[in-house]
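Here is a briefing on one protein chain. Take a look at the sequence and the model, then read on.

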Amino acid sequence: MSIITRTSDAVEPQDWRQLLAGSFRQASELLHYLNLQPADVELSEQACRDFPLLVPRPFADRMQKGNPQDPLLLQVLPQQAETLEVTGYITDPLAEKHANIQQGIIHKYHGRVLLLAASGCAVNCRYCFRRHFPYQDNRLSRKQWQQALDYIRNDNSIEEVILSGGDPLMLQDEHLQQLLQQIEAIPHVRRLRIHSRLPVVIPQRITTALCHMLADSRLAVSCVLHINHANELSENDLFRFKQLQHSGVVLLNQAVLLKQVNDSLRDLSELNKQLFEFGIVPYYLHLLDPVKGAAHYDVPESQARHLHQQLQQILPGYLIPRLVREEGGKRHKTLLPS
Ligand code: SF4
């Protein structure tokens, strides 16, 4: 792992936990902050009750004030369309219930296992395929943590542990460190992958302590960020992503193709260029998982393939993410041709 310069966390301008605590939880407050009126958007109280609004301030700061069609706002705003029943849109679109073989563990893929390290997120994305996931059944006691780690210890085909959630970076650094040490002590585990949206919605989560911890790990570490639009990345935070990268962490991105958010050639090409400039490899472009309440984000597969084909005509190959769909019960993602 590469060496990074050590500085005190005391120099961090703002603590991510304070920023998280100050998140918007009321749609009216978020709209007021963005200079919008309730009449400007199709807000739904029912949708707010079903899946509460949660938006950290640094993410709201990336939204354009006065624009009800802002692509970041549309990802987090509880809209009336969520309450419509649409055939084929269900609560567990990836059939994870069957792969949730014990508390805290989802084992779908060969050689890899998902450890549900945290049940909360820093942002509630309305299109999330786990928006109905029974996190309350997967909150682990100390004993259950040990059982989850025993599961990994007892299956020596598992080479990669994927920290998922919720968002695993919701864990405090000390807890993350303890978890990391326990995983590192399992000889057959070689790689650690962290799926997180926190570095995007609260970039201050990329603390110096976190970077040191990952730099010092014996595991090969990757972090999969979930960025859907170029506006989510601010030049002001470039140094944080560089710090993470200089810690030896491979940064990858999985975007979801979302109607009115990023379903244009311009938005997608700008996203992939911006990712690369931040040291993040465009990895996957996912079709929407058909989760109940998210049908209004759907982009038809034919349109997705056409967009992907157009991307190939204007961008170099290393800026083209793989177009994929995930299907419940399948042991790998389905690659879609352009
Ligand atoms: S951060 Fe990830 S897990 Fe959390 S709501 Fe958004 S998409 Fe879902």
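With which residue does Glu326 form a salt bridge? The partner is Lys333, and the closest N and O atoms are 3.0 Å apart. A salt bridge here is a side-chain nitrogen of Lys or Arg within 4 Å of a carboxyl oxygen of Asp or Glu. This is a predicted model: local features need pLDDT of at least 70, side-chain atom pairs count only at pLDDT 80 or more, and totals for chains, interfaces and linings use all residues. Residues are numbered from 1 along each chain as its sequence is written, and side-chain values use heavy atoms, with hydrogens and water left out.

**Salt bridges**

- The whole structure holds 17 salt bridges.
- Glu326 counts as buried because its relative accessibility is 12%. Buried means under 20% relative accessible area, exposed means over 50%, and partly exposed lies in between (1.4 Å probe, protein chains only).
- Arg190 and Glu159 also meet through their side chains, at 3.6 Å from N to O. This pair links distant parts of the chain, 31 residues apart. Arg190 is in the loop between α8 and β4 (191-196), and Glu159 is in the loop between α7 (142-153) and β3 (160-164).
- Arg190 is exposed at 51% relative accessibility. Glu159 is partly exposed at 29%.
- Glu232 and Arg197 form a salt bridge at 2.8 Å, N to O. Glu232 sits in the loop between β5 (220-225) and α11 (238-246), and Arg197 in the loop between β4 and α9 (198-201), so the pair ties together parts that are 35 residues apart in sequence.
- Both Glu232 and Arg197 are buried.
- Shared partners join Glu159, Glu160, Arg190, Arg191 and Arg193 into one salt-bridge network.

**The sheet**

- Nine strands make an open sheet with mixed pairing, in the order β1-β2-β3-β4-β5-β6-β7-β8-β9. β1 (105-106) and β9 (334-335) are at the edges with a single partner strand each, so one side of each has no neighbour in the sheet.
- Strands (E, at least two residues) and helices (H or I, at least four) are DSSP runs, numbered from the N terminus. Two strands pair if DSSP finds at least two bridges between them.
- β2 (residues 112-116) and β3 run parallel, joined by five bridges. Leu115 has Leu163 of β3 as its bridge partner.
- β3 also pairs with β4 in the parallel sense, over four bridges. Leu163 is partnered by Ile194 in β4, and Ile162 stands opposite Arg193 in β4.
- Five of the five residues of β3 are buried. Glu160, Ile162 and Ser164 cover one side, and Val161 and Leu163 are on the other.

**Helix packing**

- α8 lies across β2, β3 and β4, at about 160° to β3. Axes are lines fitted to C-alpha atoms, for helices over the stretch in contact, and angles run from 0 to 180 degrees between N-to-C directions.
- The axes of α8 (residues 173-184) and α10 (residues 208-215) come within 10 Å and cross at roughly 5°. The two helices are therefore roughly parallel, a label for angles under 35 degrees.
- Asp173, Leu176, Gln177 and Leu180 of α8 meet Ala209, Leu210, Met213 and Leu214 of α10. Contact means heavy atoms within 4.5 Å.

Conventions:
Angles under 35 degrees count as roughly parallel, over 145 as roughly antiparallel, 65 to 115 as roughly perpendicular and the rest as oblique.
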